[in-house]
Amino acid sequence: MSYPQDIRSIYGTQLDELRKQGIFKEERAIFSPQNADIEVEFPIGSAQKKEINMCANNYLGLSSHPDVIKAAHEGLDSRGYGMSSVRFICGTQDIHKTLEHRLTEFLGTEDTILFPSCMDANAGVFEAVLTEQDVMIADRLVHASIVDGMRLCKAHQDTYKHSDMAHLEDKLKLHQDKRVRLIITDGSFSMDGDLAKLDKIVELAEKYNAMVFVDDSHASGFIGKTGRGTHEHCGVVGKIDIITTTLGKALGGASGGCVSGRKEIVEMCRQKGRPYLFSNTVAPVVVSGALAVLDIISKTTERRDKLERNTAFWRKGLTEAGLIIKDGETPIVPVMLFNAKLSQDFAKTLYDDGIYAVGFFFPVVPKGQARIRTQLSAGHEIHHLEKALAAFTNAGKKFGILGKTKQEIIDMYGM
Ligand SMILES: *Cc1c(COP(=O)(O)O)cnc(C)c1O
């Protein structure tokens with residue numbers, strides 16, 4: 001017995017503390033494919049309920065698209081289930097190379113390397129290309145996986161205030177003595193749904209001789225006129241030195257990620273990226289599915305255009321109903337409730353009304369900025385959104401916050 005009671009109680013106490021603080025995460029079980037309509041059990045073991053999903057990263061509605069599923073089946077049949085190897089031993093198939101080429105084409109870069117996930121891409125890339133002679137200058141709201149990747153790298157670390165270009169410029173001036181300056185940002189920020197000012201960032205990078213890193217996980221496939229990402233939206237395709245992104249969101253939603261960009265940097269990742277060298281290859285079935293996704297979105301912009309229309313409909317509807325949303329143009333639409341408990345009660349009311357959305361509060365978002373983050377999908381039809389809008393309006397009425405200002409809501413519920 002190597003797990004004595006006193007050790008068990010260390011964790012028991014910590015878990016109880018999370019429950020007491022109301023920040024213990026309960027999982028909900030879904031019994032259907034990922035779609036606009038899903039079957040959910042919450043809590044697990046209770047009755048199954050039909051819900052409209054308003055919180056998936058399934059932006060293009062491709063997670064269960066018949067052509068993607070068909071391609072995945074074909075990949076399974078022709079290349080097998082698993083590779084039982086990392087890439088550099090015997091885990092590289094022709095289709096891995098094809099997918100890397102196709103991603104390079106799609107993102108408008110020089111070369112691409114697949115990783116098991118974007119979390120892994122971010123964990124590996126900084127350490128592979130930077131040393132203690134260099135500096136990483138990151139936006140303060142970058143994704144947790146970037147924060148972790150930076151921790152694994154010996155380069156100096158600094159930050160700039162979220163999207164504050166004057167502050168970034170100060171930091172670039174400050175670090176002129178370093179060998180390499182790497183500016184690090186998300187393309188589309190996942191909690192607020194705002195976009196990085198990549199045009200300005202590239203301008204500063206050119207002025208101060210820096211490189212630019214963008215994690216475009218919440219943008220690849222749908223931001224920009226042809227869905228290539230935030231760099232397309234900002235008119236800087238070809239000028240981003242390192243792009244990381246995921247196959248686990250709009251691009252089919254299964255798993256996998258990549259580093260795409262300057263060819264020497266990609267080659268450095270192949271030689272030295274630890275999650276690439278020491279973690280299993282992306283499964284053939286996923287690679288085949290991802291290739292089908294790229295076929296679909298390279299042929300037509302229909303799905304990203306529909307997503308754009310759905311987003312406009314949803315943003316307008318919520319605003320007209322008298323709810324407060326964060327302004328922006330992405331399909332990430334946070335409905336601001338400010339108070340943590342209100343965000344949970346509001347989400348529960350929505351759930352009872354057949355709408356699945358999750359309330360976020362500190363530490364996921366800053367204190368006093370609790371919210372329900374809604375995410376649109378090309379898989380939503382207007383009837384889904386009308387039903388969801390009715391549910392949000394009803395919940396808003398129930399909690400008396402329709403047409404109220406931020407201050408009025410805070411006066412009613414506290415921060
Ligand atoms: C989701 C996300 C990731 C992680 O992607 P995985 O492929 O699921 O590991 C990394 N960065 C950002 C910005 C994300 O939103």
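Analyst: The discussion below concerns a predicted model and takes up a sheet, then aromatic rings.

User: In what order do the strands of the open sheet of four strands run?

Analyst: In general, the strands of a sheet pair through backbone hydrogen bonds, parallel or antiparallel. Here the order is β1-β2-β3-β12, and the pairing is mixed. Because β1 (29-30) and β12 (355-356) each have a single partner strand, they stand at the edges, and one side of each lacks a neighbour in the sheet. Helix α14 (residues 340-352) packs on this sheet, where it touches β2, β3 (48-53) and β12. The direction of α14 makes about 110° with that of β3.

User: How many bridges join β1 to β2?

Analyst: Two bridges join these antiparallel strands, β2 covering residues 37-41. I30 has V40 in β2 as its bridge partner.

User: How many aromatic pairs does the count give?

Analyst: Ring pairs are read from the distance between centres and the angle between planes. The count is eight aromatic pairs. One of them, F126 with F213, is tilted, at 4.9 Å centre to centre and 45° between the planes. F126 lies in helix α5 (residues 118-129) and F213 in strand β8 (residues 211-215), so the pair ties together parts 87 residues apart in sequence. Both F126 and F213 are buried. Y351 and Y356 form an edge-to-face pair, with 6.4 Å between centres and 85° between the planes; both of these tyrosines are buried.

User: Which residues form one aromatic cluster?

Analyst: W314, F346, F392 and F399 form it.

Methods. Residues are numbered from 1 along each chain as its sequence is written. This is a predicted model: local features need pLDDT of at least 70, side-chain atom pairs count only at pLDDT 80 or more; totals for chains, interfaces and linings use all residues. Side-chain values use heavy atoms; hydrogens and water are left out. Two strands pair if DSSP finds at least two bridges between them. Contact means heavy atoms within 4.5 Å. Axes are lines fitted to C-alpha atoms, for helices over the stretch in contact, and angles run from 0 to 180 degrees between N-to-C directions. Rings of Phe, Tyr and Trp (its six-membered ring) pair if their centres lie within 6.5 Å; planes under 30 degrees apart count as stacked, over 60 as edge-to-face and the rest as tilted. Buried means under 20% relative accessible area, exposed over 50%, partly exposed in between (1.4 Å probe, protein chains only).
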